[in-house]
Amino acid sequence: MAPPFIFPQTLTSLEEDNDSDYTRLTVQNPSPISSLRPSELEEFVKGVSFDLSDKELFCVEEQEVFDRVYSLVKNFTSLSPGSKFNLVESLRSNLSVLLPNVDSLSRLRRSVSRDGGQDENDEPGGEHSVADRLASHRNAFKIYSFFLVHILLINESSSSSVNNAAAKVLASSKKKRPVDSWNWEPQRGRILNLIANSLEINLSLLFGSSDPDENYLSFIMKNAFLMFENALLLKDSDIKDALCRIIGTCATKYHYLAQSCASILHMIHKYDFVVTHLADAVAGAEKRYADGSMATSLIREIGRMNPKDYVKDTVGAENIGRFLVELAERLPKLLSTNIGLLVPHFGGESYKIRNALAGVLGKLIAKAFNDVEGEVSSKSIRLRTKQAMLEILLERCRDVSAYTRSRVLQVWAELCEEHSVSIGLWNEVATVASGRLEDKSAIVRKSALNLLIMMLQHNPFGPQLRATSFEATLEQYKKKLTELAPKCTPQNSDEALLDNEVSCGESGVEDEEVEGVSKGQDSLSDSCLPNAGDGQVQGDNSVPDVGNVEQTRTLVASLEAGLRFSKCISETMPALVQLMASSSSGDVENTILLLMRCRQFQIDGSETCLRKMLPLVFSQDKSIYEAVENAFITIYIRKNPVETAKNLLNLAVDSNIGDLAALEFILGALVSKGEITASMLSALWDFFCFNVSGTTAEQSRGALSVLCMAAKSSPTVLSSHLQEIVDIGFGRWAKVEPLLARTACVALQRLCEEDKKKLLSTNGTRVFGILDSLVSGFSLSENIWYAAVDKAIAALYAIHPTPETIAADLVKKSLKSAFESGEGSEMQTDIASGTTVQVTKLSRYLFIVSHVAMNQLVYIESSIRKIQKAKSKKEKMDAEKKNLDANTESDVQKDDGINSELGLAASEDAMLDTLAERAEKEIVSSGSAEKNLIGHCAPFVSKLCRNFSVMQKVMTLISSPRISAA
């Protein structure tokens, strides 16, 4: 019988002499592998493989075989790929066959004991023979495991060195590549799975006790953790599962707990990539053996650590936190019973640990209390534990660290998504989140916004949260409750306690409350709104019957909670408006998302707040612009063209000047991108032309306004309806909606050059007459006239071939109307003699003069630019034409030199500048010798502006004279 095999510290330690008091199996005659030729080495390996396969399984404990196998394992890297494969397969197959024999040995041992020490062949000393065979099996089991593990370590070490060398060679040159035709990956997985399987058999039969030899367990665990440090190995799912099984089995089944937990914590602190895999190992052991001792020991050790240590070791704190969260995800019930060991760390200085504990509490609340089985006392304990966790999370919303506050709000959002927040706690969470919108930290504000979005999306109160709807429904059910209450008065304290539970919104009645709210909201119509004089009978019939008094009381409590939630979200609108002006792009983007969600659920004030996001399209931050554009498309652009057109025209009607400018900018971008389709534009024309039934004059004006905005990017939008613009814009509908004429003037300005020519050829005289009457007449009210005339004068300068002539006529008509005199020379005499004029007419005259002057200046500038552009184009064409003629090159240079010396080109530019200056002077100055129509007004306007007594008495004149004076 061979001596027992004891696991040495290293492989080469087997060659050391046996100096201990007890004998052990060591290497006596190692073979000189390095001196063998390749052919001899191959024959040597084949001989060892033949012996291992031909002899008994435990032949490996024979000294000769043992020495030869040791020699091959020691020099494993020098073997050829085929020899490596033969040796590994021999060792692996023998160990795999050895494992089932352990059970047969156990049956044989029981049979011998039952037969009084004799085996089946009645040979004496049968029990002693079985013991010898068992010892041989134990030796063989340990030897095979030892050699296979060392083959793993040797090959991994050589593979890493080869890979590093190959990387260096590949970086420097591509001349050499590592040659290794043996595919090691599948062999590695098979060996690890075999060792994992060997641990799962009944090893107590081999080792004679419930726990195997500690020397064996130490060897296996040490090398398993060593391979766990290789991130590449863990990417292979089979290898990772095998290593997790090895660790879990040794720690749980064989109670190798203290050493395993110490190694696990050391690895968690040191390597961040092992966190998830070690959590899988711990959870797998608990599931496989129904024993959570390893997880409990780890939690206890983490709880015992000094919180100050985590402040110094930030990486370790983050890894420990991640491990706890992963553990809570996999073992929520076990962790909930041990959470008290971790709660003291909330008082530590490391915010990363507090963040992790907040995540742990969120996982436990969502998963650890879902079962409904158990005694009443255990349910009560679980309920109190859950309530304590919720209170901790609420408290941590005000943590000193912004990172922790943000993380806690994220946990609340996850709980809302998992439907793990009761109705009774819903409004408290909403209040906390609303308060965090004004937090000084941007990450906290972002988390608060996301939490409110999640609460709206998963709210238990219904698809719409209008406060008026809740109030109306609540009033009806309160009446119904007062009628039912006298009939069902609570008879004992148990019913009163139930009432308190209902009002608190515990999880036991959540589903019933939500169902009741949904029924009440879906079935309630506008006819349920309270009306004066309605009797109680009508109130009873207007709401559906939800059952007895307890169910009605539950529904009332739920409606009250829903109303509070709606008002809480509505009260955040001022804070959301401020956040849209924040310097942080994240604040703006998330605020827009929240407002979109509020609009979806019809929160009061959300539509108005969303309008205030339109000016943000002018932001220089691309992310903010994209957020506004995406929100605009989501809210207003629909697949149905008519619905899209209606949304856009209503938006244009209700917007102020600033919003209209932003709307014009974003519509121009959408038209360029093709988001505004031809069918949508066609639907807008239908609204403008009153082709849609029920269209009002205001909607027609809004549709034309949107079309004008689109025409800024695509002028051809207006080409197909020139006649309709004139007929409807200046027709009878303009009297119903005065601003329609102003919008039609804007449309005339946006026409392309071809459309302007077409309009002049067909309706030029009519259009100019309409614009003349619009400016000179009194058909429009005082407050509309100024806005309309502003655009009418601009339209005249845009489409008239000689706008200065018609503008002069307009000024003369206005002058005559204001002073009842047709000659401009008599104006100053009339004023000096104290002629009485109407304030309205004088104000209109000054307004016309000022706007004609401004448009004339713009017209002069545009004319100068056209001349300069044409001159530059002509010079370029002449230069190209001259350059084509090579024979006249000398003549060209000569002519250019003469023109340059005479200054002909400079004289043309100077003449153009002189003409422009003279034209401008005629407008703004009256000192010229030549009389001009507008310049004569300057002394009068100057004198009027200095007369403060008149200006203070007549406020209407303040704006018009100042515009003229400017």
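Predicted model: local features only at pLDDT ≥ 70, side-chain atom pairs only at ≥ 80, totals over all residues.
User: How should I describe two packed helices?

Analyst: Two packed helices are described by the angle between their axes and the distance between the axes. Here, take α19 (residues 423–435) and α25 (residues 549–570): their axes come within 9 Å and cross at roughly 10°. Angles under 35 degrees count as roughly parallel, so α19 is roughly parallel to α25.

User: Which residues of α19 and α25 meet?

Analyst: From α19 come Ile423, Trp426, Asn427, Ala430, Thr431 and Ser434, which meet Ser558, Ala561, Arg564, Phe565 and Cys568 of α25. By class, this contact of α19 with α25 has six nonpolar, four polar and one charged residues.

User: Nice. At what angle do α20 and α27 pack?

Analyst: Helix α20 (residues 442–457) and helix α27 (residues 585–600) pack at about 15°, with axes 9 Å apart. The two are therefore roughly parallel to each other.

User: Is the crossing of α20 and α27 left-handed or right-handed?

Analyst: The crossing of α20 and α27 is left-handed. Residues making the contact include Leu449, Leu452, Ile453 and Leu456 of α20, and Leu593, Leu594 and Arg597 of α27. Sorted by class, the contact of α20 with α27 has eight nonpolar, four polar and four charged residues.

Methods. Residues numbered from 1 in each chain as written. Heavy atoms only, no water. Axes fitted to C-alpha atoms, helices over the stretch in contact; angles between N-to-C directions. Helix = DSSP H or I, 4+ residues; strand = E, 2+ residues; numbered from the N terminus. Parallel < 35°, antiparallel > 145°, perpendicular 65-115°, else oblique. Contact = heavy atoms within 4.5 Å. Nonpolar A, V, L, I, M, F, W, Y, C, P; charged D, E, K, R; others polar. Left-handed = near helix turned anticlockwise from the far one by under 90°.
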